[in-house]
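Open the model in your viewer and keep the selection tool ready. Each stop below tells you what to select and what is there.

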Amino acid sequence: MTKRANGPFDVKLTPMAPEAGAVDAAPGRMALDKRFHGALEATSQGQMLAVRTPVEGSAGYVAMERVSGTLDGRGGTFALQHFGVMTRGAPHLVISVVPDSGTGELTGLAGSMTIDIAPGGKHSYDFQYTLPDKA
């Protein structure tokens with residue numbers, strides 16, 4: 001049965017230095033540091049690579065993050081993979097649990113997440129997931 005968790009989260013993006021030998025047009029790198037609230041009480045760390053284009057509102061990014069905490073009271077870790085593109089202001093974002101990345105009581109976790117950024121910058125998540133019953 002698919003379950004749903006949602007709530008606000010805080011995110012801190014920290015620019016990272018380009019890799020040694022990177023060309024001027026190399027993707028930008030950012031460190032991710034998040035704190036999720038609600039049914040997902042967790043922290044995460046990760047990295048994002050992003051490219052902006054000369055066309056206003058067009059860009060792309062990928063990111064990986066490791067989440068650690070509790071999901072509806074079950075503790076463990078799991079990884080999220082992001083794929084996002086924006087075409088002249090129209091966003092398309094896919095965030096998926098990396099298969100078989102769950103540990104502890106989150107072993108077997110699968111699902112996807114959406115993110116909403118409200119005017120003013122407040123972030124919230126909606127996480128649809130499946131998780132085997134406790135043994």
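Select Lys134 and Glu105. Their side chains meet in a salt bridge, 4.0 Å from N to O. The model is predicted. Lys134 lies in the segment after β8 and Glu105 in the loop between β6 and β7, so this pair ties together parts that are 29 residues apart in sequence. Check the surface here. Lys134 is exposed, because its relative accessibility is 54% and the cut-off for exposed is over 50%. Glu105 is partly exposed at 36%.

How many salt bridges are there by this rule? The count comes to three. Two are left to visit.

**Stop two: Lys34 and Glu65**

Select Lys34 and Glu65. Here the side chains form a salt bridge at 2.9 Å, N to O. The pair links distant parts of the chain: Lys34 sits in strand β2 (residues 28–36) and Glu65 in strand β4 (residues 59–71), 31 residues apart. Are these two buried or exposed? Lys34 is buried, with a relative accessible area of 6%. Glu65 is buried too, at 3%.

**Stop three: Asp126 and Arg4**

Move to Asp126 and Arg4. A salt bridge of 2.8 Å, N to O, joins their side chains. Asp126 belongs to strand β8 and Arg4 to strand β1, so the pair ties together parts that are 122 residues apart in sequence. Asp126 has a relative accessible area of 18%. That counts as buried, because the cut-off is under 20%.

**Stop four: the barrel**

Now show the whole chain as a cartoon. Eight strands form a closed barrel, in the order β1-β2-β3-β4-β5-β6-β7-β8, with antiparallel pairing. On average, neighbouring strands of this sheet are turned by 25° against each other, direction ignored.

Color β1 (residues 3–16) and β8 (residues 123–130). Seven bridges join these antiparallel strands. Pick Ala5 and look across to Phe127, its bridge partner in β8.

Next, color β7. Eight bridges join β7 to β8, again antiparallel. Ala110 stands opposite Thr130 in β8. Follow the chain between the two strands. β7 and β8 form a hairpin with five residues between them. Click on Gly120 in the turn: its phi is positive, about 95°.

Ile95 has Met113 as its bridge partner in β7.

**Stop five: the rings**

Show the aromatic side chains. The whole structure holds four aromatic pairs. One of them is Phe78 with Phe127, a stacked pair: 5.8 Å centre to centre, with 20° between the planes. This pair, too, links distant parts of the chain: Phe78 in strand β5 and Phe127 in strand β8, 49 residues apart. Which relative accessible areas go with these two residues? Phe78 is buried at 1%. Phe127 is buried at 0%.

Then select Phe9, Phe36 and Tyr125. Ring pairs link these three into a cluster.

**Last stop: a nonpolar patch**

Switch to a surface view. Select Leu49, Val62, Phe83, Val85 and Val94. Together they form a nonpolar patch on the surface, with about 360 Å² of accessible area. Zoom in on Phe83. This residue lies in strand β5 (residues 74–87). At 42% relative accessibility, Phe83 counts as partly exposed.

Note on methods. Residues are numbered from 1 along each chain as its sequence is written. This is a predicted model: local features need pLDDT of at least 70, side-chain atom pairs count only at pLDDT 80 or more; totals for chains, interfaces and linings use all residues. Side-chain values use heavy atoms; hydrogens and water are left out. Patches are made of residues with over 30% relative accessible area and no salt bridge: like charges are joined within 9 Å, nonpolar side chains (Val, Leu, Ile, Met, Phe, Trp, Tyr) within 5 Å. Accessible areas come from the Shrake-Rupley method with a 1.4 Å probe; for residues, only the protein chains shown count as cover. Helices (H or I, at least four residues) and strands (E, at least two) are DSSP runs, numbered from the N terminus. Buried means under 20% relative accessible area, exposed over 50%, partly exposed in between (1.4 Å probe, protein chains only). Two strands pair if DSSP finds at least two bridges between them. Axes are lines fitted to C-alpha atoms, for helices over the stretch in contact, and angles run from 0 to 180 degrees between N-to-C directions. Rings of Phe, Tyr and Trp (its six-membered ring) pair if their centres lie within 6.5 Å; planes under 30 degrees apart count as stacked, over 60 as edge-to-face and the rest as tilted.
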